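Biologist: Can you walk me through this one? Please keep it simple.
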Amino acid sequence: MSEVLLELDNLKTYFTVTKGKVKAVDGVSFTLNRGESLGLVGESGCGKTTTALSIIKLLPKEGQIEGGRILFEGKDITHQTEDELSDFRWKQVSMIFQGAMNALNPVKRVCDQVAEPILLHEYTTKKQAMERVKELFELVELDTNLMYSYPHEFSGGMRQRAIIAMALACHPKLIIGDEPTTALDVMVQAQILDLINELRGKLNMSMLMITHDLSIISDTCDKVAIMYAGRIVEMGETKEVLSNSLHPYTKKLISAFPNIYAERKMVDSIPGDPPDLYTPPPGCRFAKRCHMVGGKEVCQVEIHPPLIDYTGKGHYVACHLWRNPDEY
Amino acid sequence: MKRILALLLIGAMFLTGCATQPTTPAPTPEQTPAEQTPAEQTPVAEAPEGPIIFRYGIRDSWPDSMNPLLSALGISQTFYHDNMYETLIGLDAELNMEARLAESWETSEDGLTWTFHLRKDVKWHDGEEFDADDVVYSYQVNKDLELPRFFASVKDFTEVKKVDDYTVQLVTAEPKANIMDAMIDLVPEHIFSQYKTKDDMLAFANESPIGTGAFIFVEDAKDGFVRYKANDDYWNGRPVIDELVYVYFSNADTLIQALEKGEIDFCGVGAAQQDYVKGLANITMHYFDSNAFNELGFNCWDDPASKGNPLMRDVKIRNAIGYAIDYDKIVDYAMGGLASKQAQLLPEVTGKWSWKVPDDIRVDYDPEKAKQILEEAGYSDRDGDGIREDASGNKLEFRMSIIESDYRDCALVVEQSLKDVGIKTNIEFMDTGRLSDIIYSQDFDTDMYMWGWYARYSDPSYILSAMTTDQIGNRSDCFYSNPEYDQLYVQQTKTIDMEERVKIVHKMQEIIYRDSPYLILYNAKRINAYNNERWENFVEYPAFGGGNLFNYYSKLQVRPKQ
Amino acid sequence: MSFRYIVNRLFYTLFMFLFIVSLNFMLFRLMPGDPLTMVSKEISSSPEGRATLERMYGLDKPLIHQYGDYMKSMVTFDFGTSFHYKTPVRDLLGDKIANSLILGMAAVPLGIAIGILGGIIASARHGKTADMLITTSSMVIYAVPTFWLAMILLMIFGVRLGWVPINSMLTPGASFATKAAYLKDLFHHMIIPVLSYAIAIFGSYLLIMRGSMIDVFSEDYVLTARAKGLKEKPLIRKHVVPNALLPISTSVIYSLAIVFTGAFSIEVLFSWPGMGKLMVESVTRRDYPVMQAANYLIAVAVILANFLMDIVYGWLDPRVRLG
């Protein structure tokens with residue numbers, strides 16, 4: 001199916017601090033279809049988490065959506081009130097937060113916490129809710145006997161599964177995962193990723209996967225969007241973007257990943273730091289660190305390059321100099 | 001959340017709001033004047049609607065035993081014993097002997113026998129007759145069982161004889177002039193005699209006391225109050241008031257507030273509160289000199305075991321210190337003006353016993369004179385550090401042990417005064433227990449200290465004895481020893497002739513004044529305050545402005561304001 | 001919690017207890033001054049009289065004997081006779097403890113409740129004016145000396161308005177026809193002391209609770225709960241408060257357990273005949289029997305409190321329960 005589930009239209013989310021405003025998300029647009037999964041990749045501080053929080057409306061009090069729209073199933077949810085949102089949250093969209101280890105309340109039993117959203121959003125009895133919890137446990141391959149345990153009695157991987165179970169409790173249409181496997185060791189990570197893939201297939205769920213780890217993206221996402229300094233710089237089907245990267249940043253990212261099969265060489269890093277989002281530089285935000293710029297005015301003076309699908313194949317890039325890939 | 005808080009607040013206010021005036025058992029004296037109109041009523045107060053209750057607020061320690069033979073604290077006399085028990089002889093307003101339970105008495109020619117003729121109409125509070133058996137028992141039991149309060153008072157009697165039902169004789173080996181020191185509380189033989197052994201008596205708490213006095217015990221609550229009712233059959237006339245209640249306060253400010261509000265009728269006022277009380281229209285204040293004095297004491301112990309600085313025993317230094325101290329400053333600053341400067345051992349309120357210091361030997365604040373005395377005695381500051389030394393280089397540096405809660409400010413004034421004349425003082429603050437330990441333990445490890453005494457109105461012997469060699473190791477806290485003084489002391493205890501005796505007592509005070517084992521700094525003044533809208537007819541006693549306004553006579557005569 | 005764990009704790013506490021009371025026995029007697037010297041100036045003491053007093057106090061017995069009596073009293077609860085009041089310590093203490101309990105059991109829970117509720121409210125409005133008002137006023141009130149506060153209250157409500165009596169627990173010398181009259185009098189006397197006491201203590205609870213709540217608010221599971229769709233009030237009630245209470249629970253239990261040892265400053269101010277005042281005065285007077293009994297009580301109270309704290313905290317926080 002390809003109906004559009006989520007659409008972001010030039011979203012701008014700013015944080016108000018004493019100095020002024022930090023433009024964390026400065027014009028992000030993408031669409032996500034039903035059953036599709038989109039990966040959001042970038043360095044720390046590029047605005048991925050803020051985008052996710054904007055969608056589910058859990059920004060800290062300093063953050064405000066100051067421009068653009070968010071459309072869910074065609075409906076504009078950008079400025080909904082808390083009351084309207086409480087139905088939306090978890091039922092339509094649920095989220096797995098960064099550092100999900102601590103997403104469980106230590107003094108409550110796991111089953112109670114998984115059952116909580118069920119009891120909140122649906123008219124069920126406690127007993128029915130517990131039945132559901134059992135099913136969910138089975139779904140995420142957790143021993144149902146452990147339902148009545150406390151979070152501290154679970155290992156990291158088990159907790160992650162429990163959190164996934166909790167996120168699925170109300171059969172959301174979209175699940176947002178913010179670095180869901182970062183804290184886990186590689187073995188468990190692999191298991192969890194397999195689980196996620198399986199579940200997506202079974203439940204036809206859309207997913208927005210936020211990470212800085214490209215290998216995960218290649219494993220789980222249909223599409224990928226590369227973010228830098230609050231904007232998307234490249235977006236398209238995962239395979240296409242990873243093998244035919246057009247943006248200098250993307251290229252650097254990929255080459256920064258050591259290749260286990262290639263010859264041993266020094267890992268390419270990108271010198272410098274991301275720009276200050278309080279006063280972003282004019283023109284392309286990557287210009288300062290871009291190896292392509294080399295004094296080219298267009299990159300530094302004009303407005304930030306728009307995200308355009310030049311080839312018409314659904315592969316978007318935001319760069320003035322993309323045309324000659326081999327020159328990079 | 002908010003609702004709960006609001007409810008709590010409202011609840012609290014509501015409850016406070018419905019608090020009406022506390023319902024005390026109808027104290028009518030304050031209501032009577034309003035109801036009486038001169039036209040309708042005769043000057044005699046109409047029958048009150050309830051008992052006349054006098055409430056005395058006290059802020060001190062709670063008393064100790066209700067058994068007068070075991071009691072060790074002065075406050076117990078105020079709260080308990082003075083109201084219920086009596087002696088054979090008392091003192092009148094001029095501090096001369098006056099009949100109480102003994103209506104007359106005489107001494108034998110040789111002065112060795114005192115004969116007392118008892119009143120015949122006295123009954124104990126439980127109805128039993130008071131007679132010679134009670135007197136004999138009271139004196140004998142204190143001697144036999146060595147009971148703490150009165151043993152020292154009765155030990156001189158070789159015999160206590162019942163001559164007949166209403167005549168008792170007390171016999172001594174030597175003439176005893178200080179018979180007033182032997183006036184002990186008389187207790188009912190028919191109750192106390194059951195407690196035959198020492199341990200029995202020590203365990204007898206006497207919780208339902210029976211006496212002969214003007215007031216009968218009703219009840220008490222420890223740390224709360226004591227309540228008495230008037231003795232209708234009291235031999236000296238029934239008190240005007242119907243009930244007497246002593247209320248205990250642990251905080252001086254609440255005491256004054258209670259007085260202001262009318263919850264109590266009478267109390268003592270401290271220096272810090274006198275200005276506030278002055279401003280209250282319904283309260284009258286009464287200032288009086290007390291029989292208490294406070295002194296700077298010196299370690300005069302002339303014994304190898306003494307750990308005091310030997311220089312302290314040089315009388316010249318002590319004399320010099322006498323001139324060095326700024327007494328007025330002590331009275332004004334340390335005591336808030338609530339003291340008077342007196343320097344003789346028997347305070348002025350003891351009347352005839354008190355010696356008047358002649359002008360030519362009077363010691364007053366004169367730092368120049370102090371310096372002169374020290375210089376002439378060979379103490380000068382040879383090394384320029386501000387402290388004098390003697391010829392061998394021993395510094396005039398002395399330790400001063402101070403009970404912080406009582407004498408702090410005073411000690412600081414003295415320290416400064418001494419510094420000004422070249423004497424260094426090292427103050428050590430402590431509590432009473434520690435000071436007692438230092439002085440009464442084996443080695444008297446300090447040089448100066450401050451303490452106080454009550455000189456009795458009844459007889460000077462007690463306070464004079466504190467300076468005798470005999471009392472070193474017992475009562476004496478300066479360990480002064482002077483054979484001439486000791487001899488005079490013994491002499492005055494035997495001189496029955498009052499004029500002669502007074503002369504000796506004056507001479508003794510002069511010796512002490514010159515030798516200065518103590519430097520008496522001040523006599524405390526005290527303040528009583530009472531509700532003048534309710535009460536009148538207090539009696540001053542002693543007549544020359546000495547004591548507490550609520551005394552033996554006031555208790556009998558005070559009445560609601562007409 | 002296993003049986004073995006509890007038994008283990010019990011043995012440990014028993015040992016501590018015995019050690020503490022023995023130590024205190026020695027400390028009391030090491031203090032300079034003994035009960036007799038306190039009265040040495042008041043009475044016309046003679047050596048014989050002094051000896052009699054010593055006998056009355058039981059101080060003439062050898063130290064070992066006194067220690068034996070002392071240890072025996074721990075079990076029999078017969079603490080002897082007070083040097084000062086000359087009445088059995090047990091009776092004396094019974095009254096005073098009851099009085100302290102009346103005062104404390106009304107004031108302490110009130111103070112704690114106000115503090116905790118206030119802390120919750122302030123933290124829920126963190127950064128807004130309500131929070132600032134609550135926090136500042138709590139700090140100011142907490143910093144103000146208790147006696148000053150109490151005196152002001154007494155001045156306003158007792159003297160100027162005349163709504164409540166000034167002193168003590170009951171009207172001195174009054175007799176009460178009915179139980180209701182007695183309770184009414186007691187209540188009048190209680191209001192200001194209880195209020196003063198509660199006001200004096202609520203500050204610290206409020207500030208701690210508020211801090212604890214703010215910490216918990218920033219936890220991930222609170223964010224998760226919000227994401228799940230919980231509204232603010234149920235969120236606070238179900239997720240924030242249970243976690244925020246943990247650090248403060250130990251001090252709450254402790255405060256409640258030692259209530260019967262009295263509150264010295266309040267009791268002295270209002271002449272409330274309670275344990276706090278008695279304990280302090282017994283030290284000044286060197287009233288050994290009372291000091292010993294009071295000390296025993298405090299030891300019991302603290303140990304009980306510790307024991308309770310272990311258990312209650314384990315109940316509140318599942319992470320702490322050891323096998």
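Modeller: First, a term: two strands pair if DSSP finds at least two bridges between them. Strands (E, at least two residues) and helices (H or I, at least four) are DSSP runs, numbered from the N terminus. This is a predicted model: local features need pLDDT of at least 70, side-chain atom pairs count only at pLDDT 80 or more, and totals for chains, interfaces and linings use all residues. Residues are numbered from 1 along each chain as its sequence is written, while chains are lettered from A and ligands numbered from 1 in the order in which they are written.

Biologist: OK, what order do the 4 strands of the open sheet in chain B take?
Modeller: The order is β4-β5-β7-β6, with antiparallel pairing.

Biologist: Which strands stand at the edges?
Modeller: β4 (102-107) and β6 (157-164) of chain B. Each has a single partner strand, so one side of each is left without a neighbour in the sheet.

Biologist: And how many bridges join β5 and β7 of chain B?
Modeller: 5 bridges, between residues 113-118 and 167-172. T113(B) has V171(B) as its bridge partner in β7(B).

Biologist: New topic. How is chain A divided?
Modeller: Into domain 1 (4-84 + 173-273) and domain 2 (100-171); the bounds come from an automatic or database domain assignment. Their centres, taken over C-alpha atoms, are 26 Å apart.

Biologist: How many residues does each domain of chain A bring to the contact?
Modeller: Domain 1 of chain A gives 10 residues and domain 2 of chain A gives 11. Contact means C-beta atoms, placed from the backbone, within 7 Å. On the domain 1 side, helix α6 (residues 186-203) of chain A supplies the largest share, 6 residues.

Conventions. Two residues are in contact if their C-beta atoms, placed from the backbone, lie within 7 Å.
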